[in-house]
Amino acid sequence: MRAPCRARCVAVGAAVPERRLTNADLAGMVDTSDEWIVSRTGIRERRVVDPGTPLSALAEPAARQCLERAGVAAADLDGIIVATISGDHIMPTTANLLQHRLGATRAWGYDLANACNGFIAALSTAAAFIEAGRAKRILVIGGDIMSTLVDYQDRNTCILFGDGAGAVLVEAGPADGPGIFGFELHSDGSGGGELMIPSSGSARPRTAEALAQRQQYVKQNGRTVFAAAIRRMAEVSESLMRTLGITAADIDLLVPHQANLRILEPTAERLGIPLERVVINIERMANTTGGTIPIALNDAFTAGRLVAGSRIMLVAFGGGLTWGACYLTWGR
Ligand code: UT7
C-alpha cells in the first residue's frame, strides 16, 4: 500500500521585467497623479515587459531559479501547472511551451485560469496530485503579462496592474513532515461581471467591433470588488484557521494577493496579524494577477523572511469572483 504523504513547498523563484512604469509615466498617459495612485492603492511603480514578450519568457527564468534552489533537475518534474489569464496563447498552453523550454522531458503540463486566485488554485491542484500518489514533483507557476490586458486609456484600471511571474516547487514529503496543511477555495459566478475581460473568449469573440470598443481589456467595478475583497479575504482566512485549529500566533507570514494596500492592511488587522508579519510588495510590483503570491514569496525568501519551517498563510481574491486561502509550513 502507498505510504501517505504531505505535499510540501520546497523552493521559490521569480522573474519580473526590467522596465519600470512609474505613476509619473501613467500621469503622462491618463488623467491621474502620483498622489492619487499612492493614496488610493499604495502603488508607486509596476514592471512591464517590452511589447511582444510572452509569459513563457518570464516563467522560464522564474522556473529555473526555483529548480536550482531546490536542487532538482527539470527532467525530474512530473508536471507543470501555470496559473495565468495571459498565457502566450490559448493553445498551446504556456505550461506546454515551458515544458519544452526547460527540457522537462517527463512532465505533463497545462494552464489553469482562475485570475487573481489562480496561484492558490494551482497549488491546490498540485497538492491533490501529490497526496493522491499520482505525482512526486510539480512545478507551480503563477504569472501574468497584464500590460497586454489593460487599457492604457482607462485610468480606473491601468494604474493597478503589472507584469511578472513566480514559481514554487511542490514535492511529496512524509505525512508527518512540513508542508501544506489545508486549503479553502470559493467561487461566486454571480459576480462575474464585476471584474472581467468582456471580449476574451467564446461569449464575445474579438471582432473588429469588439476591438474598436476596447472590449479586449480588463473592466472592473472597483468599489464593489474592493468591498468584496476585504470581506472575502478575511473570511476565508478565518474559516481556514478555524478548520485547522490555529490562531494568528501560528502565522509567521501572511502572504496576500497584492491588489491594493487599502485591502491588505484591513485584512491583516482583522486577522490580528501585525504588518511586520505581512509580505507587501505592491508599491514596487502592483497587481501581477497570477504572479502576486509567488513573487511575494520570492521577495520574502530573498529578504531572509521566508525560511525552512516558516508558517505561512496565503490568501487571494479576484475575478470570477473567486477567492481562497492555504496554510503551509515552508521547506523540506
Ligand atoms: O485583483 C483583485 C481585483 N482588484 C481589486 O481588488 C481592486 C479593487 N478596487 C480598488 O482597488 C479600488 O476600488 C480602486 C483603486 C480601483 C479605486 O479606488 P476607490 O477609492 O474605490 O475610487 P473610486 O472608484 O471610488 O473612484 C473615486 C474617484 C472617481 O471620481 P468621481 O466619480 O468620484 O468623480 C474616479 O473617477 O476617483 C476617480 N479615479 C481616479 N482619479 C485619478 C479613478 N481612477 C483614478 C485615477 N486617478 N487613476
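A: **Helix 11 and beyond**

Helix 11, residues 292-302, is mostly covered: nine of its eleven residues are buried. Buried means under 20% relative accessible area, exposed means over 50%, and partly exposed lies in between (1.4 Å probe, protein chains only). Helices (H or I, at least four residues) and strands (E, at least two) are DSSP runs, numbered from the N terminus.

This is a predicted model: local features need pLDDT of at least 70, side-chain atom pairs count only at pLDDT 80 or more, and totals for chains, interfaces and linings use all residues. Residues are numbered from 1 along each chain as its sequence is written, and side-chain values use heavy atoms, with hydrogens and water left out.

Now the residues themselves. The buried ones in helix 11 are Thr292, Ile293, Pro294, Ile295, Ala296, Leu297, Asn298, Asp299 and Ala300. Gly304 follows helix 11 and has a positive phi, near 75 degrees. Ala286 is not a glycine, yet its phi is positive, near 55 degrees. Ala286 is buried, with 1% relative accessible area. Most residues other than glycine have a negative phi, and most peptide bonds are trans.

Arg214 counts as partly exposed because its relative accessibility is 26%.

Two peptide bonds are cis. Met91 to Pro92 has omega near 0 degrees. Pro92 lies in the loop between strand 4 (79-83) and helix 4 (94-102). Gly320 to Leu321 has omega near -10 degrees. Leu321 lies in the loop between strand 12 and strand 13.

Next, the ligand. It is surrounded by 23 residues, and the closest are Thr32, Arg40, Arg223, Asn260 and Asn287. A residue counts here if one of its heavy atoms lies within 4 Å of the molecule. By class, this shell has ten nonpolar, eight polar and five charged residues. Nonpolar covers Ala, Val, Leu, Ile, Met, Phe, Trp, Tyr, Cys and Pro; charged covers Asp, Glu, Lys and Arg; the others, Gly among them, are polar.

Helix 2 (34-41), helix 6 (155-158), helix 8 (222-244) and helix 9 (261-271) each supply at least two shell residues. Helix 8 gives the largest share, four residues. Domain 1 (5-174) and domain 2 (180-329) each contribute at least three residues to the shell. The domain bounds come from an automatic or database domain assignment.

For Asn260, the distance from a side-chain N or O atom to a ligand oxygen is 2.7 Å. For Arg40, a polar side-chain atom lies 2.8 Å from a ligand oxygen. For His257, the corresponding distance is 2.9 Å. The ligand taken alone exposes 950 Å², and the protein buries 78% of that. Those areas come from the Shrake-Rupley method with a 1.4 Å probe; for residues, only the protein chains shown count as cover.

Helix 8 returns in the core. The largest nonpolar core has 42 residues; Val218, Leu254, Ile273, Met313 and Phe317 have the most contacts inside it. Such a core is a set of buried Ala, Val, Leu, Ile, Met, Phe, Trp, Tyr and Cys residues joined through side-chain atoms within 4.5 Å. Helix 8, helix 9, strand 12 (311-318) and strand 13 (322-329) each give it two or more residues. Helix 8 provides the largest share, seven residues. Both domain 1 and domain 2 give residues to this core, so it lies between them.

One more helix 8 detail: Ser237 sits in that helix. Ser237 counts as buried, at 0% relative accessibility. Its side chain reaches the backbone oxygen of Met233 at 2.7 Å.

Finally, a residue at the surface. Arg134 lies in the loop between helix 5 (118-131) and strand 6 (137-145). Arg134 counts as exposed, at 67% relative accessibility.

How values were computed. A polar contact is a pair of N or O atoms within 3.5 Å; within protein, one must be able to donate a hydrogen and the other to accept it, and residues adjacent in sequence count only if both atoms are side-chain atoms.
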